[in-house]
Amino acid sequence: MSSETHEFKAEVAALLNLVTNSLYTNSEIFLRELISNAADALDKARFQALVDSALDGKELESQILITVNKQAGTLTIEDTGIGMTRDETAQNLGTIAHSGTLRYLEEMQKARIAGETSGAAEPNLIGQFGVGFYSAFMVADEVVVTTLSGKPGSEAIIWRSRGDGSYQVEPGTRDQRGTTIVLTLKSEAKEFLDRWRIEALVKRYSNYVMHPIRLRVIDEQGEDKDPEPRQINAASAIWARSSSELEDSDYTEFYKHVMGGFVMPGDEPFARLHFTADAPIQFHALLFVPGRAPADLFQEDRKALQLYARRVLVMENCDTLLPQYLRFVRGVVDSQDLPLNVSREMLQEHKSLAAIRRQLTRKTLKLLAELAEEDAAKYTKMWNEFGSVIKEGLHTDGGQRAELTELLRYRHVADTDDGLISLKDYVAAMGEDQKYIWYVAGPNETALRNSPHLEAVRAKGENVLLMSDPVDEWVLQSLSDYEGKPFRSVTQGELDEPAEDEDSDEQDDDSDSADDEDKAKDKREPSPIDPLLNLARVVLGDRVRDVRASKRLTESPSCLVDAAGGLSRNMERILRMAQPGTKMGASPRILELNPDHSFVKAASKISETNKDDPRLPEWVEILHDLAALAEGTVPDPAGAAKRFVKVLNTLAES
């Protein structure tokens with residue numbers, strides 16, 4: 001057989017131009033692709049040996065040998081795999097998008113139908129001949145492939161090309177089956193003649209390829225520095241092994257690898273998830289819930305799960321394998337059904353990812369639920385680290401709302417030691433007469449525990465959830481009740497009236513008509529402090545929505561209340577934080593006065609007998625100041641201080 005020159009088809013020529021200019025973002029990917037093809041050929045040889053007793057080279061050790069020749073300026077990747085015949089060389093290397101793996105799978109399917117093999121003997125096929133092979137031209141001026149098929153009677157073939165639109169095929173010389181690819185590197189690609197560069201690339205992309213990858217280096221003088229080439233990959237993927245084979249120490253070491261190589265004492269993972277899925281998508285997963293929130297948890301370019309395709313790294317940080325509210329999870333996913341795609345965008349859109357995501361999400365939520373049930377103390381620590389992130393899912397993932405709701409934990413006034421309670425336990429502890437799941441929201445937990453709004457509810461022995469996380473009120477927009485018990489803020493509306501009645505009477509909307517306000521006021525019951533209430537409405541004017549007698553206070557003289565059905569003051573604060581620079585005025589609130597407090601009763605008595613007493617306006621201001629001070633936000637701190645000093649001086653002189 002003489003040498004023959006062939007023109008690449010038009011689409012191949014276009015592909016070569018695309019590959020060398022824009023298809024891959026990093027030229028280093030070429031080594032991953034060629035190693036994957038070599039591993040593919042080794043898998044095929046192993047499988048074929050099971051069904052073809054005449055196959056040559058059964059005694060050969062499966063290996064991939066990388067040779068760096070600094071003197072010649074070449075990089076060689078050699079395998080002892082299945083090899084290629086002349087026709088297979090033309091099909092696999094001369095035609096775009098023709099995958100040797102695909103053709104082999106078709107043949108294997110035919111063999112299975114014919115009863116010549118079983119599913120258990122099928123290999124894990126890695127990579128694709130075709131696009132992956134052409135990535136070699138990103139770094140090489142010339143690519144020479146020498147191959148010998150394991151089929152009896154085959155002849156060695158040499159395929160060479162400079163990527164210039166044509167390739168040559170000629171007879172070759174080779175003693176054993178397999179394939180050798182020699183790249184004559186471009187001047188700008190000489191970095192790939194560095195031992196440490198090759199080792200680093202293999203460890204990054206191909207460390208877990210199941211076949212040994214060995215490296216030899218020939219120096220500038222032509223001396224072989226590695227007479228016994230050493231293995232540079234692990235050749236074993238922990239996630240592909242059965243959990244029964246592994247010890248805790250194995251997982252600990254891999255966790256360190258996933259977290260960047262170093263883990264502080266005490267930061268061991270809260271939980272791990274190791275499983276294999278066979279249908280509808282085949283993949284392995286080994287995930288960890290870190291023992292401490294990663295520093296990049298709220299950054300856009302944060303780390304995510306590593307995605308492998310048949311043990312070959314295809315994406316360092318794949319942020320679509322889990323929803324955003326589980327972005328703290330770290331680990332590895334290795335799919336048997338994903339190709340080594342040419343771009344992140346194509347991979348992100350692959351239909352298999354959606355199926356993997358569904359399974360990972362479901363199993364991760366189940367893992368967290370099991371942790372909560374089996375080790376409440378550890379779950380509390382986990383929740384303190386990641387609870388605010390998990391709660392985002394209530395607002396963004398309606399399909400998992402039931403599972404996420406059971407994971408929720410809150411601090412509550414019934415526990416002074418910062419213990420957490422689930423909604424299930426809260427409802428189980430409710431008395432027969434308690435209608436609502438009470439909560440109080442604000443930026444400071446200590447202030448919430450001491451809030452005057454809690455007094456009447458606590459006096460009845462009812463518990464109150466403390467919501468100091470900014471995301472809490474967003475959650476409640478998607479979670480209106482739990483097991484039929486509505487959530488109700490102790491800072492909104494009248495506590496002894498149904499929320500729906502309040503919503504119809506007091507809508508926090510600028511479009512409310514005066515008639516609606518009048519109707520709400522007409523429903524008020526007479527109060528012994530009405531004279532003071534009427535005076536306070538005049539003194540405070542439009543700084544408050546209304547002034548009324550309180551049914552929620554038992555100790556404090558006053559508090560500020562949000563109108564039922566409207567935005568709470570805490571939500572307004574959160575919205576201003578989310579939109580810095582935007583002017584958002586605070587809506588007026590309702591001032592409630594405690595009719596049983598001695599100061600309020602005294603002021604009301606004076607206002608009844610002498611509404612023009614000059615002390616009364618100042619006392620009204622003080623009651624307003626005290627209500628604001630209890631929440632930590634006084635509109636006029638200097639004025640409030642002067643008023644307090646004046647009262648103190650009066651008391652000192654009396």
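**Notes on charged and polar residues**

1. Glu 618 has a relative accessible area of 21% and is therefore partly exposed. As a caution for everything that follows, the model is a predicted one. The partner of Glu 618 is Lys 646: the two form a salt bridge in which the closest N and O atoms are 3.6 Å apart. Lys 646 belongs to helix α23 (residues 637-653) and Glu 618 to helix α22 (residues 615-630), so this pair ties together parts that are 28 residues apart in sequence. Lys 646 is likewise partly exposed, because its relative accessibility is 47%.

2. Some salt bridges share partners. In this way Glu 28, Glu 191, Arg 197, Arg 204 and Glu 316 are joined into one network. How many salt bridges are there by the rule applied here? The count comes to 37.

3. Another salt bridge brings together the side chains of Asp 226 and Arg 195, with an N to O distance of 3.0 Å. Asp 226 sits in the loop between β8 (213-218) and β9 (230-231), whereas Arg 195 is in helix α6 (residues 195-205); the pair therefore ties together parts 31 residues apart in sequence. Is Asp 226 buried or exposed? Its relative accessibility is 8%, so Asp 226 counts as buried. Arg 195 is buried too, because its relative accessible area is 15% and the limit for that class is under 20%.

4. Glu 592 deserves a separate paragraph. This residue is placed in strand β23 (residues 589-593), and it counts as buried because its relative accessibility is 0%. With which residue does Glu 592 form a salt bridge? The partner is Arg 552, and the closest N and O atoms of the pair are 2.8 Å apart.

5. Thr 80 is an example of a side chain in contact with backbone atoms. The residue lies in the loop between β3 (74-79) and α3 (86-94). With a relative accessibility of 7%, Thr 80 counts as buried. A polar atom of the Thr 80 side chain is 2.7 Å from the backbone oxygen of Glu 61. The side chain of Thr 80 also reaches the backbone nitrogen of Gln 63, at 3.4 Å.

6. Where is Ser 161 found? Ser 161 is part of strand β5 (residues 157-161). Its relative accessibility is 1%, so Ser 161 counts as buried. Between Ser 161 and Val 144 the C-alpha to C-alpha distance is 6.7 Å, while the two residues are 17 apart in sequence.

7. Arg 310 is a residue other than glycine with a positive phi, near 50°. Arg 311, which is not a glycine either, has a positive phi of about 75°. Arg 310 is placed in the loop between β12 (305-309) and β13 (312-318), and Arg 311 is in the loop between β12 and β13 as well. Arg 311 is buried, because its relative accessible area is 18%.

8. Finally, attention is drawn to a group of acidic residues. Which residues gather in a patch of negative charge on the surface? They are Glu 370, Glu 373, Glu 374 and Asp 375. Of these, Glu 370 is located in helix α9 (residues 351-374). Glu 370 counts as partly exposed, because its relative accessibility is 32%.

Technical notes
Residues are numbered from 1 along each chain as its sequence is written. This is a predicted model: local features need pLDDT of at least 70, side-chain atom pairs count only at pLDDT 80 or more; totals for chains, interfaces and linings use all residues. Side-chain values use heavy atoms; hydrogens and water are left out. Patches are made of residues with over 30% relative accessible area and no salt bridge: like charges are joined within 9 Å, nonpolar side chains (Val, Leu, Ile, Met, Phe, Trp, Tyr) within 5 Å. Accessible areas come from the Shrake-Rupley method with a 1.4 Å probe; for residues, only the protein chains shown count as cover. A salt bridge is a side-chain nitrogen of Lys or Arg within 4 Å of a carboxyl oxygen of Asp or Glu. Lys and Arg count as positive and Asp and Glu as negative; His and the chain ends are not counted. The place of a charge is taken as NZ of Lys, CZ of Arg, CG of Asp or CD of Glu. Helices (H or I, at least four residues) and strands (E, at least two) are DSSP runs, numbered from the N terminus. Buried means under 20% relative accessible area, exposed over 50%, partly exposed in between (1.4 Å probe, protein chains only). A polar contact is a pair of N or O atoms within 3.5 Å; within protein, one must be able to donate a hydrogen and the other to accept it, and residues adjacent in sequence count only if both atoms are side-chain atoms.
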